[in-house]
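Subject: Structure handover

Hello,

Here is the structure for you to take over. Please load it before reading on.

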Amino acid sequence: MADRAGNYYIADKDAHGIRKIRRDGTIITVAGINSPGDGVDTLSPATQVALREPNGLWTRGDGTVFILDTGNGKVRRLDTNQMLQTLFVVPGGTIVGRGLWVSDDETLAYLCSGNVVKRWTPSGGVIHEHQSTAWP
């Protein structure tokens, strides 16, 4: 995913971190401690919060990055000040999937978990939206 400034973001699932590729080609870690874990849910410096197999990203144009922390069943929000917090927890967790979309006002999100699309709202929580019965 990319932001309007031309930075690219990569979910480095096997290293349990999020990388940012700056326009000059420099690669830095912006979230995760490069070791699996389930870091705190409260607002914290992003490079001090353990992730487990992050495998999906959604980036807003302003540089806010949403992370599908697959191994922990959470969607986390990385703000432009490099602070991370959990936006919501997926009951029952998530399995293989990397699809993620979050509205700009953070009142609606969709994510993929296996062959299931799940929908989240602050008032309704996470609900099962659609399940594919066959892979194309």
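Below is what was found, from the overall fold down to single residues.

Note that this is a predicted model.

**Overall**
The protein has 0 helices and 12 strands. Its radius of gyration is 14 Å, close to the 14 Å that the globule rule gives for 136 residues, so the protein is as compact as a globular protein of that length. The C-alpha atoms fill a box of roughly 45 × 30 × 30 Å along the principal axes. Of the 136 residues, 43% count as buried.

**Sheet**
An open sheet is built from 5 strands, in the order E4-E8-E7-E6-E5, with antiparallel pairing. Strands E4 (44-45) and E5 (54-59) stand at the edges; each has a single partner strand, so one side of each is left without a neighbour in the sheet. E4 is joined to E8 (residues 83-89) by 2 bridges. In one of these pairings, Ser 44 has Leu 84 in E8 as its bridge partner.

**Cores**
The largest nonpolar core has 12 residues, including Leu 84, Val 49, Tyr 9 and Ile 67. Strands E3 (27-31) and E6 (65-69) each give two or more residues to this core. A second, separate core has 10 residues, among them Phe 88, Leu 100, Val 102 and Ala 109.

Which residues does Val 49 touch, not counting those up to four places away in sequence? They are Gly 32, Ile 33, Gly 39, Val 40, Ser 44, Arg 76 and Leu 84. Ser 44 and Leu 84 are also the bridge partners named above.

Best wishes

Conventions. Residues are numbered from 1 along each chain as its sequence is written. This is a predicted model: local features need pLDDT of at least 70, side-chain atom pairs count only at pLDDT 80 or more; totals for chains, interfaces and linings use all residues. Side-chain values use heavy atoms; hydrogens and water are left out. Two strands pair if DSSP finds at least two bridges between them. Helices (H or I, at least four residues) and strands (E, at least two) are DSSP runs, numbered from the N terminus. A nonpolar core is a set of buried Ala, Val, Leu, Ile, Met, Phe, Trp, Tyr and Cys residues joined through side-chain atoms within 4.5 Å. Buried means under 20% relative accessible area, exposed over 50%, partly exposed in between (1.4 Å probe, protein chains only). Contact means heavy atoms within 4.5 Å. The radius of gyration is taken over C-alpha atoms; the globule rule is 2.2 Å times the number of residues to the power 0.38.
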